[in-house]
Amino acid sequence: MGYIILAFYPLWSWTSPSITSRNATLHVRWPLSQPHIDLRCIMSPHAVLAAAHRNGKRSVDLSKFAVSRNAFLPEHSPAELLSDPYYEPWELVVQHLPTLVQTGSIRAWVAQLPLLSTDRLKSEAEWRRAYSMLAYMTHAHVWGGDEPDEILPPQITLPFLRASEHLELPPVLTYAGANLWNFSCKGDNFSNLEDLSTLFSFTGTESESWFLLISAAMEAKAAGILQTMMVALEAVKTRDYRVVTDALGELRTCIQNVGALLERMYERCDPTTFYHQIRPFLAGSKNMEAAGLPRGVFYDEGHGKGEWRQLRGGSNGQSSLIQFFDVVLGVEHRTHGSAGQKSFHSEVREYMPGPHRRFLVHVARMGSIRELALVAPTTDDQRRLRDAYTAATEALSGFRNKHIQMVTRYIILPSKQPCNGAARQNLASSSSGRNGVEELTGTGGTMLVPFLKKARDETSQAGKLER
């Protein structure tokens, strides 16, 4: 496919504001409506302990929960283009989002977008792409100036609300929109980082791509463990200690492998770039008073209609995989805040795609490995199960410790260093201005360090097998 230098002509029926860049010549794929060559990965089966049957038990059909052979990732690479040329205005904006943000012209371009309907989206993959691109436009519009813009215009609000309703997600950049549906793969293994690239970016930096793709690879790395642990939960009912023990051993290895991928973050994601350039765009509108959004964001539906919304930004707490680990190990995360308030982990399930939420509920109802491990052991099989359970929870605690170490390197330390550039009012500037690292705010709107330590400690506590 050829490229031409962008001439500043209208590419649709509205006038395109000019893009200027001091450092780069801007190129555009032409034409956007050219038939798309789909380079999606062809799936290869993952090693799965439990296939259709094991010990006489039929595995659950996971497709009804939108769980694929890649776990919570799609079966194939996400769509790389909305097929109808009608959506070219959206495609052009997200294609050049980093430049529009850098030059401060994103809000001018959004203001002149036509109001497009979602009626021409042709598949679930296109609904997901539309959701992700509208989420990226939303956050770029809100955070892409010297001060945050608390009014989201109808050109984004209306289609974003429709896409969010379809996918059972809130209208904000969630983990699903930024990580699960924001990659392409040139091979057949989604856990191979070298084969992955991002579809959407605020900054166009390698640091941003690497940060997002690490999570996608982690999700793919754990694909086989879902069926394995569901077989183990079935085995709890028959007190098949050996099946449960073997599964816990695989879970421990899986968590360690996922943690090893997390540690690769250091290879290509620069802490200063992440903190000052990337992280501010991931913030939502909940608990963001200090960042300039005391009321949240007003989603303007036009004609005097609309609603103020305070929504959490994307975070790894919204990963269904990490919550799956908690569910199968019986790790309970208690209230963070006033009595009777939901825990953060419970609340952010509403930020997962609807089928994934229902999958976690289904798994929680299947049985409790922890209750089986709590039984006072009288046989070698019972003792081995208890040891395997403790080892698995220790692996999950270790994973959460790695996360805390990463937060130290990518958030706490950069927050103490001056920003060598134009300062804008956002999550980074408001966090770094507070007294003490304990008050740093996460993109999900939590008090970052206390929340992570509490989650780690609750995981360790579960492994002690005390009632």
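A residue counts as buried when its relative accessible area is under 20%. By that cut-off Cys254 is buried, with a relative accessible area of 7%. Cys185, at 3% relative accessibility, also counts as buried. The structure is a predicted model. A disulfide requires a pair of cysteine sulfur atoms within 2.5 Å, and by this rule the count comes to 0 disulfides.

**Aromatic pairs**

A search of the whole structure finds 16 aromatic pairs. In one of them, the rings of Phe324 and Phe359 have planes at 15 degrees, so the pair is stacked. Phe324 belongs to helix α12 (residues 320–329) and Phe359 to helix α14 (residues 354–364), so the pair ties together parts that are 35 residues apart in sequence. Both Phe324 and Phe359 are buried. These two residues also form one aromatic cluster with Phe65 and Phe72.

Another pair, Phe344 and Phe451, is edge-to-face. Phe344 lies in helix α13 (residues 344–347) and Phe451 in helix α18, 107 residues apart, and the pair links these distant parts of the chain. Phe344 counts as buried at 5% relative accessibility; Phe451 is buried as well, with a relative accessible area of 11%.

| Pair | Centre to centre | Angle between planes | Geometry |
|---|---|---|---|
| Phe324 and Phe359 | 5.9 Å | 15 degrees | stacked |
| Phe344 and Phe451 | 4.7 Å | 70 degrees | edge-to-face |

**Helix α18**

Helix α18 (residues 448–463) also contains Leu452. Leu452 is buried, with a relative accessible area of 10%. Not counting residues up to four places away in sequence, Leu452 touches His403, Ile404 and Val407. Between Leu452 and His403 the C-alpha to C-alpha distance is 8.0 Å, although they are 49 residues apart in sequence.

**The sheet**

Three strands form an open sheet of mixed pairing, in the order β5-β8-β9. Strands β5 (151–152) and β9 (305–309) stand at the edges with a single partner strand each, so one side of each is left without a neighbour in the sheet. Strand β8 (residues 297–302) runs antiparallel to β9, and 5 bridges join them. Within this pairing, Tyr299 has Glu307 in β9 as its bridge partner. Helix α5 (residues 154–167) packs on the sheet and touches β5, β8 and β9. The direction of helix α5 makes about 90 degrees with that of β8.

**Charges over rings**

Tyr299 has the charged end of Arg309 over its ring, 5.3 Å from the ring centre. Elsewhere, the charged end of Arg120 sits over the ring of Tyr86, 4.0 Å from its centre.

How values were computed: Residues are numbered from 1 along each chain as its sequence is written. This is a predicted model: local features need pLDDT of at least 70, side-chain atom pairs count only at pLDDT 80 or more; totals for chains, interfaces and linings use all residues. Side-chain values use heavy atoms; hydrogens and water are left out. Helices (H or I, at least four residues) and strands (E, at least two) are DSSP runs, numbered from the N terminus. Buried means under 20% relative accessible area, exposed over 50%, partly exposed in between (1.4 Å probe, protein chains only). Contact means heavy atoms within 4.5 Å. Two strands pair if DSSP finds at least two bridges between them. Axes are lines fitted to C-alpha atoms, for helices over the stretch in contact, and angles run from 0 to 180 degrees between N-to-C directions. Rings of Phe, Tyr and Trp (its six-membered ring) pair if their centres lie within 6.5 Å; planes under 30 degrees apart count as stacked, over 60 as edge-to-face and the rest as tilted. A charge sits over a ring if NZ of Lys or CZ of Arg is within 6 Å of the ring centre and within 35 degrees of the ring normal.
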